[in-house]
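This briefing is for a reader who is new to the structure shown below. Please look over the sequence and the model before reading on.

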Protein chains: 2
Amino acid sequence: MAWLDEIRWDADGLVPVIAQERGSGDILMFAFMNRDALRATVERGEAVYWSRSRQRLWHKGEESGHVQTVHEIRVDCDEDVLLLTVTQAGAPPIACHTGRHSCFFRRLEDGEWKSVDPVLKDPATIYK
Amino acid sequence: MAWLDEIRWDADGLVPVIAQERGSGDILMFAFMNRDALRATVERGEAVYWSRSRQRLWHKGEESGHVQTVHEIRVDCDEDVLLLTVTQAGAPPIACHTGRHSCFFRRLEDGEWKSVDPVLKDPATIYK
């Protein structure tokens, strides 16, 4: 597990993670992993994050079914950020808890953050 | 400047920022901004980050010439991560201080982080 030791975990034992969709190249979400989450991600082949709000491992999609199949994991030059290439589950693929494809759906326009991407599925029907 | 107040700045007054290349969709780098950096980025139309190591504003490319022209700024659903769409300067475009296109040049393969992207320019000739 030397590869786990090469990560420069922060003071809380976490590393930021960017999830990018294979094919489209869309940035789907940003989250954190600890050692256990990264190891579980590699073992399962599906993204497992560390939920800072719930303080527990979070197998992405465990409630919604919107799991992320992980194809590739990269680390940056400083070894303190991870980049996942994933296939996002859902029909259509939905990564955001708001029911949108990506969490990055608000764009700065004329001094305002405007929602520019549609809700693909009512969150009430995703989380029952 | 209400749009600046909508960002959920962390305890250090920072927000993580992902820089994605327009066209290729490549993730070039990951850095941080504070309020002044984000305001300067919008005003200049070029990425200005907050350097945590140097504790000062960092106009990306100020030494290397590898500036990033910013086309779009997005915020995520939690309003605590930014995504920039940029054109990376350089011929070829180089974002990483190692002389590579992207900072994410190491991929996990069989339990090892392997460098899989080439050095495009010797860093010694970038930073004089």
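The model is predicted. Chain B and chain A bury an area of about 3100 Å² between them, and eight salt bridges are counted between these two chains. Over all chains, the structure holds 22 salt bridges.

**The contact between chain B and chain A**

- Chain A gives 36 residues to the contact, and chain B gives 36 residues.
- Carbon and sulfur atoms give 66% of the buried area of about 3100 Å².
- On the side of chain B, the residues that lose the most area to chain A are B:Arg74, B:Phe104 and B:Trp113, which together account for 23% of what that side buries.
- The size of an interface is often given as the accessible area lost when the parts come together.
- Between chain B and chain A, 20 residue pairs are in polar contact, with both residues at pLDDT 80 or more.
- Five strands of chain B each supply at least two residues of the side that touches chain A: strand 1 (15-21), strand 2 (27-33), strand 5 (68-75), strand 6 (82-88) and strand 7 (106-109).
- Strand 5 of chain B gives the largest share of that side, four residues.
- Sorted by class, the side of chain B that touches chain A has 20 nonpolar, 11 charged and five polar residues.

**Strand pairing across the two chains**

- Strand 7 of chain B and strand 5 (residues 68-75) of chain A run antiparallel and are joined by two bridges.
- Within strand 7 of chain B, B:Arg106 stands opposite A:Val75.
- B:Arg106 also forms a salt bridge with A:Glu6, with the closest N and O atoms 3.1 Å apart.

**Salt bridges within a chain**

- A:Arg35 and A:Asp5 meet through their side chains in a salt bridge, at 2.8 Å from N to O.
- This pair ties together parts that are 30 residues apart in sequence, because A:Arg35 lies in helix 2 (residues 35-44) of chain A and A:Asp5 in helix 1 (residues 2-5) of chain A.
- A:Arg35 is partly exposed at 30% relative accessibility, while A:Asp5 is exposed with a relative accessible area of 52%.
- In the salt bridge of A:Arg54 with A:Glu63, the closest N and O atoms are 3.6 Å apart.
- A:Arg54 has a relative accessible area of 36% and is partly exposed, whereas A:Glu63 counts as exposed at 54%.
- In chain B, B:Arg56 forms a salt bridge with B:Glu62, and their closest N and O atoms are 3.0 Å apart.
- B:Arg56 counts as partly exposed at 35% relative accessibility, and B:Glu62 is partly exposed with a relative accessible area of 37%.
- One network, joined by salt bridges that share partners, takes in A:Glu72, A:Arg74, B:Arg107, B:Glu109, B:Lys114 and B:Asp117.

**A hairpin in chain B**

- Strand 3 and strand 4 of chain B form a hairpin with four residues between them.
- In the turn of this hairpin, B:Gln55 has a positive phi of about 55°.
- Four bridges join strand 3 of chain B to strand 4 (residues 56-59) of chain B, and the two strands run antiparallel.
- B:His59 in strand 4 of chain B is the bridge partner of B:Val48.
- In a regular strand the side chains alternate between the two faces of the sheet.
- Strand 3 (residues 48-51) of chain B is covered on both faces, with B:Val48 and B:Trp50 buried on one side and B:Tyr49 and B:Ser51 buried on the other.

How values were computed
Residues are numbered from 1 along each chain as its sequence is written. Chains are lettered from A and ligands numbered from 1 in the order in which they are written. This is a predicted model: local features need pLDDT of at least 70, side-chain atom pairs count only at pLDDT 80 or more; totals for chains, interfaces and linings use all residues. Side-chain values use heavy atoms; hydrogens and water are left out. Contact means heavy atoms within 4.5 Å. Buried area is the accessible area (1.4 Å probe) that two parts lose on being put together, summed over both. A salt bridge is a side-chain nitrogen of Lys or Arg within 4 Å of a carboxyl oxygen of Asp or Glu. A polar contact is a pair of N or O atoms within 3.5 Å; within protein, one must be able to donate a hydrogen and the other to accept it, and residues adjacent in sequence count only if both atoms are side-chain atoms. Ala, Val, Leu, Ile, Met, Phe, Trp, Tyr, Cys and Pro count as nonpolar, Asp, Glu, Lys and Arg as charged, and the others, Gly among them, as polar. Two strands pair if DSSP finds at least two bridges between them. Buried means under 20% relative accessible area, exposed over 50%, partly exposed in between (1.4 Å probe, protein chains only).
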